[in-house]
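I opened my notebook to look up a few local features, one at a time.

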Amino acid sequence: MTTEQALKKLKEQTLKNDVYIGKEQIFDGKNTKAKFSKQDLPEVNQLFKKQWTWFPSLQSKNYALMPKELDQYRAKILKKDVLKRINALNKNLKAPKDAYAYLDKGQIKVSKSENGQKYDTGELIQDYDRQEYNSEIHLKAIRLLPIKSNSQTVEKEKNILKELVTRTVDYKVQNKTYSLKASELLKNAAVSKSMKVDIDMGDLKNKIADINRNQSTLNKKYTFKTHSGSIISVQGQSYGWALNVSKETKRIRDAFEKGKASLKAYNVYGIGYSTYGIGYHNTTNHGIGNTYAEVSIKEQRIWIYKNGQLKATTNVVTGRHNTNEDTPVGLWYIMYKQSPSTLEGSEAGNPHYSVKVNYWAPFTNSGCGFHDASWRRNWKSDAYLTQGSGGCVNTPPAVMKTVYDNLEQNEPVIIY
C-alpha cells in the first residue's frame, strides 16, 4: 500500500474498545472509529521509510502510531468507566495484609504479611495510559502487594518502637514528681502507616488513676488544727481538687510519643462555683493552706486567718437548729464576693424573702454564706438553736466590713 492507502485504512479502522485484565474481559466498550486524519500522514510516511532495508529480510517488526487528534472517548469516558469497574471488582476481592511492627506485652514483634487478590488500581490506570492504539485494550493483572516483614517500612516501625520504650516522662502533680517509664506503662502499641504510634493506654491510665486516688483531695477528709489547738477531721465538700484522668492520660501519651521528658498536671477540676480544682496550689496545712475562715457552730464564732495571721474574729449566729436549717459543716470555699447584694430565698416561716445586705460572701451553691444582718436583735451564743438563720453565717454589721475585707475568693471555709 501507499502511505495514502495505509492512512485511509487506519481511518476506517473500528475500535472495539473492549478492556481486559489478563485474559478476563472486564469492560465491553462501545465501538468507535479511529481518530486518524490527514495530519497524521507525515507520521505514516516516517513509518513507511523505516520499513526499507539495505538487504532483503524476513524479520518482522511492529510499529506503534497514535493519532494526533486526541480520542476523547478513550482518554476520558472509557478511562473513567474502566476505573469504576476496577473499583467495583476490588470490593469483592481480598485485600493484602501488610506486615507491621507492634508492641505486645512490652516485646517488639512483627506480624506476617498475606497476599491478596485486589488489583493495584494505580498501576492498572498507568498501564491503561501506556496502551497502544489497538482495537482492544489488554492490561496486565497487577495485584496490590503487601508490605513484607523484611521491608524498610517495618524496620522503621521497629526502630520507632525501640526508641519509644526507652523514654521516661517526669510527671509533676503539685510538688510531687512521678517518673513514668514507657517500658513499664506502654505494654501494647503499633505504628500506623503515617508512622504515628497508636498506644494502648490501659496501663498508663491505671497509673494516673492511682496517682489521682492517692493525691487528690476532692470529697476526702482533711486534718485541721482549730484555733484552740484541737486536731479534728473535716469532710471536704466543695473545696478540693482531682485530676481529669482521661485527659491527663492523653497528654502523657502524647509526651511519650513526642519524646517530651517532663510534664506538669494541667487538667485539674473541682466542683461548686469554680470548676477548677480549688486548693490545688495549697500544699501546706494538709492542703488547706494558711489563709482560711474557721467557723465553730458550737462556739458560735468565726476566725479569719490570712497567711497564718489572725485578722478578724467575732461572734456570729449560724443556721437554725430546731428546724434543721443548720449551717452545713465541712470544708467549703468562698465562691465570690459582692457588695452590696440582695439575698433571696426561703427559710422556716418565711417562704419568699428578699433582703438587702451590705456585704455578701457565699460558700455553698445552695445559698449559704457570710453576710451582715442589720435586722437581727438576738446575738446570744444560743440564738442559733431556735432563732438562727436560714443556713447563713449572720455576722454583726459592726465587724462585717473587716470580715469581708479579709475574705478572699476561693479561700477555704472550715465549718465544724
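**Entry 1: a pair in H5.** I looked up glutamate 155 and lysine 158, whose side chains meet in a salt bridge with N to O at 3.7 Å. The model is a predicted one. Both residues sit in helix H5, residues 152-164. They are three residues apart there, which means a separation of about one helical turn. I then checked their accessibility. Glutamate 155 has 37% relative accessibility, so it counts as partly exposed. Lysine 158 is partly exposed too, with a relative accessible area of 22%.

**Entry 2: a pair in H7.** Next I took arginine 213 and aspartate 210. Their side chains form a salt bridge, 2.2 Å from N to O. I found both in helix H7, residues 202-215, three residues apart, or about one turn of the helix. Arginine 213 is partly exposed at 49% relative accessibility. Aspartate 210 has a relative accessible area of 33% and is also partly exposed. I then noted a network: Arg253, Asp254 and Glu257 are joined by salt bridges that share partners.

Entry 3: How many salt bridges does a search of the whole structure find? I wrote down 14. Glutamate 43 forms a salt bridge with lysine 68, and their closest N and O atoms are 4.0 Å apart. Which parts does this pair tie together? Glutamate 43 lies in helix H2, residues 41-50, while lysine 68 lies in the loop between H2 and H3, so the pair links parts 25 residues apart in sequence. Glutamate 43 is partly exposed, at 28% relative accessibility.

**Entry 4: H3 against H4.** I turned to helix packing. Two packed helices are described by the angle between their axes and by the distance between those axes. For helix H3 (residues 72-91) and helix H4 (residues 121-130), I noted an angle of about 155° and axes 11 Å apart. Are they roughly parallel or roughly antiparallel? The angle makes H3 roughly antiparallel to H4, because the cut-off for that label is over 145 degrees. Their crossing is right-handed. I listed contact residues on both sides. H3 brings several, including Arg74, Leu78, Val82 and Ile86. H4 brings Thr121, Leu124, Ile125, Tyr128 and Asp129. I sorted the residues of this contact into seven nonpolar, three polar and three charged.

**Entry 5: H1 against H2.** Helix H1, residues 3-11, was next. The axes of H1 and H2 come within 10 Å and cross at roughly 120°. H1 and H2 are therefore oblique to each other. Their crossing is right-handed. From H1, the contact uses Thr3, Glu4, Ala6, Leu7 and Leu10. From H2, it uses Leu41, Val44, Asn45 and Phe48. I counted six nonpolar residues, two polar and one charged in this contact.

Entry 6: Which form does the peptide bond from serine 339 to proline 340 take? It is cis, with omega near -10°. I placed proline 340 in the loop between strand S20 (330-333) and strand S21 (341-347).

I also looked up phi values. Asparagine 219 has phi near 65°, a positive value in a residue other than glycine. It lies in the loop between H7 and strand S12 (221-225). Its relative accessible area is 47%, so asparagine 219 is partly exposed.

Asparagine 410 has a positive phi of about 75°, although it is not a glycine. I found asparagine 410 in the loop between helix H10 (397-406) and strand S26 (412-415). At 31% relative accessibility, asparagine 410 counts as partly exposed.

Methods: Residues are numbered from 1 along each chain as its sequence is written. This is a predicted model: local features need pLDDT of at least 70, side-chain atom pairs count only at pLDDT 80 or more; totals for chains, interfaces and linings use all residues. Side-chain values use heavy atoms; hydrogens and water are left out. Axes are lines fitted to C-alpha atoms, for helices over the stretch in contact, and angles run from 0 to 180 degrees between N-to-C directions. Helices (H or I, at least four residues) and strands (E, at least two) are DSSP runs, numbered from the N terminus. Angles under 35 degrees count as roughly parallel, over 145 as roughly antiparallel, 65 to 115 as roughly perpendicular and the rest as oblique. A crossing is left-handed if the near helix is turned anticlockwise from the far one by less than a right angle, and right-handed if clockwise. Contact means heavy atoms within 4.5 Å. Ala, Val, Leu, Ile, Met, Phe, Trp, Tyr, Cys and Pro count as nonpolar, Asp, Glu, Lys and Arg as charged, and the others, Gly among them, as polar. Buried means under 20% relative accessible area, exposed over 50%, partly exposed in between (1.4 Å probe, protein chains only).
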